Amino acid sequence: MEPRDLSDHVPYRAGRGIEEVARELGLDPEELVKLSSNENPFGPSPLAVEAIESTAGTVHTYPKAAHADLADALASEWSLDTEQVWLGPGGDGVLDYLARAFLDPGDSVLVPDPGFAYYSMSARYHDGVVKQYQLSKDDGFEQPSEMVLDAYEDQRLIYLTTPHNPTGSEMRLEDIERVAHETSEETLVVVDEAYGEFTDSPSARQLLDERDDVAVLRTFSKVYGLAGLRLGYGLVPNSWADAYDRVNTPFSVNLLACHAGLAALEDREHVEKTVSTVTWAREYIRDELDARTWESGGNFVLAEVGNAEQVAADAQREGVIIRDCSSFGLPECIRISCGTRQTTPRAVETVNEVMSE
Ligand SMILES: Cc1ncc(COP(=O)(O)O)c(C=O)c1O
């Protein structure tokens with residue numbers, strides 16, 4: 001017996017975990033600096049940790065009320081109806097729900113290259129066909145609407161990422177709107193704002209008031225520091241919001257995640273500390289790293305270092321884990337996540353040292 005033909009499917013390659021690397025190097029995980037997965041260097045919101053602890057004793061129940069409460073809280077935060085908030089197990093899970101709701105077998109989707117790998121993985125899981133649009137290094141990875149429109153051939157889904165992973169570039173709201181306006185009414189533009197809290201640019205949420213062909217993706221994995229719980233959400237137009245009930249995996253967001261999410265939303269202090277440190281660290285990396293870097297709206301900076309695989313391996317030997325961007329099709333680039341005021345300088349110093357060896 002065999003699974004269906006999966007030859008087109010590419011396994012997801014996540015950044016390596018701190019425990020894994022510590023074991024390999026025979027080091028204490030405490031001695032390592034991990035700036036490879038755009039995680040929150042301050043850890044989870046302390047209010048979320050309290051909520052998880054106090055919820056632990058009730059995980060024998062299904063998360064019905066908690067799910068509804070979290071959707072309500074997000075709806076009020078974004079001034080939308082509760083139905084318009086699609087909760088999912090991470091932003092990744094929400095991408096799956098959108099693909100389930102929109103793709104018929106053989107439908108085509110348009111994804112960025114370089115870009116976040118899960119768009120095409122999710123589309124393929126749902127029998128979609130993947131086409132790419134190119135972000136060009138020579139143009140500073142800028143994202144004008146023409147870049148997408150020139151590649152567009154009546155795709156059913158278009159994925160835009162702003163701020164973009166791994167380059168950090170942003171797409172202006174006018175350009176997003178133009179993509180939505182100039183493509184078919186049957187094309188959904190998915191605006192991935194996983195890093196949206198780290199930029200002052202406006203969210204594409206405001207397009208949902210006038211358009212029914214735009215959806216916005218957000219996550220609790222980054223600014224709220226809850227990546228390990230897997231919690232994300234989509235904001236979708238009213239007219240087809242009810243499709244959620246027909247595509248979601250029941251109780252897809254677990255009880256701990258629901259309560260932690262509710263608490264994290266209240267923890268303004270943790271969010272502000274995270275955002276202000278990221279703003280500082282982005283500048284620090286760009287100023288102090290002896291390499292070409294690009295302006296970033298996210299909690300990371302892309303840098304051109306020559307042989308990224310070598311630089312990442314050498315830095316790892318010194319206890320600093322950064323992301324080699326070869327898997328993004330940028331074998332000359334690394335991506336450094338923003339750390340704290342202690343770990344960021346250590347990472348920059350280490351990368352500078354290994355580059356000069
Ligand atoms: C651009 C982008 N979108 C979505 C996600 C999904 O995040 P999660 O599934 O943890 O919510 C990530 C995670 O790194 C990302 O970089």
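Here are some notes on the ligand site, the pocket around it and a few backbone details.

1. First, the ground rules. This is a predicted model, so to speak: local features need pLDDT of at least 70, side-chain atom pairs count only at pLDDT 80 or more, and totals for chains, interfaces and linings use all residues. Residues are numbered from 1 along each chain as its sequence is written, and side-chain values use heavy atoms, with hydrogens and water left out.

2. Start with the ligand's neighbours. There are 14 residues around the ligand, and Gly91, Asp192, Thr219, Ser221 and Arg230 are the closest; a residue counts as near if one of its heavy atoms lies within 4 Å. By class, this shell has 4 nonpolar, 6 polar and 4 charged residues. Here Ala, Val, Leu, Ile, Met, Phe, Trp, Tyr, Cys and Pro are nonpolar, Asp, Glu, Lys and Arg are charged, and the others, Gly among them, are polar. Helix 4 (residues 90–102) gives the most to the shell, with 3 residues. Helices (H or I, at least four residues) and strands (E, at least two) are DSSP runs, numbered from the N terminus.

3. Now the polar contacts (pairs of N or O atoms within 3.5 Å). An oxygen atom of the ligand lies 2.5 Å from an N or O atom in the side chain of Thr219. For the side chain of Lys222, the distance from a ligand oxygen to an N or O atom is 3.0 Å. A polar backbone atom of Asp92 is also 3.0 Å from an oxygen atom of the ligand. The protein covers 93% of the 390 Å² of accessible area that the ligand has on its own (Shrake-Rupley method, 1.4 Å probe).

4. Where does the ligand sit? It sits in the largest pocket, with more than half of its atoms within 2 Å of the pocket's grid points. A pocket is an open set of points on a 1 Å grid over the protein atoms alone, where a 1.4 Å probe fits, with protein on both sides within 12 Å along at least five of seven lines; lining residues have an atom within 4 Å of a point. The volume of this pocket is about 1000 Å³, counted as the space filled by probe spheres set on the points.

5. On to the lining. The largest pocket is lined by 43 residues, with Tyr12, Phe116, Ala117, Asn165 and Phe328 nearest its centre. Helix 4 supplies the largest share, 4 residues. By class, the lining has 17 nonpolar, 15 polar and 11 charged residues.

6. Finally, two cis peptide bonds to look at: Thr162 to Pro163, with omega about -5 degrees, and Asn165 to Pro166, with omega near 15 degrees. Pro166 lies in the loop between strand 5 and helix 7.

Definitions and conventions:
A polar contact is a pair of N or O atoms within 3.5 Å; within protein, one must be able to donate a hydrogen and the other to accept it, and residues adjacent in sequence count only if both atoms are side-chain atoms.
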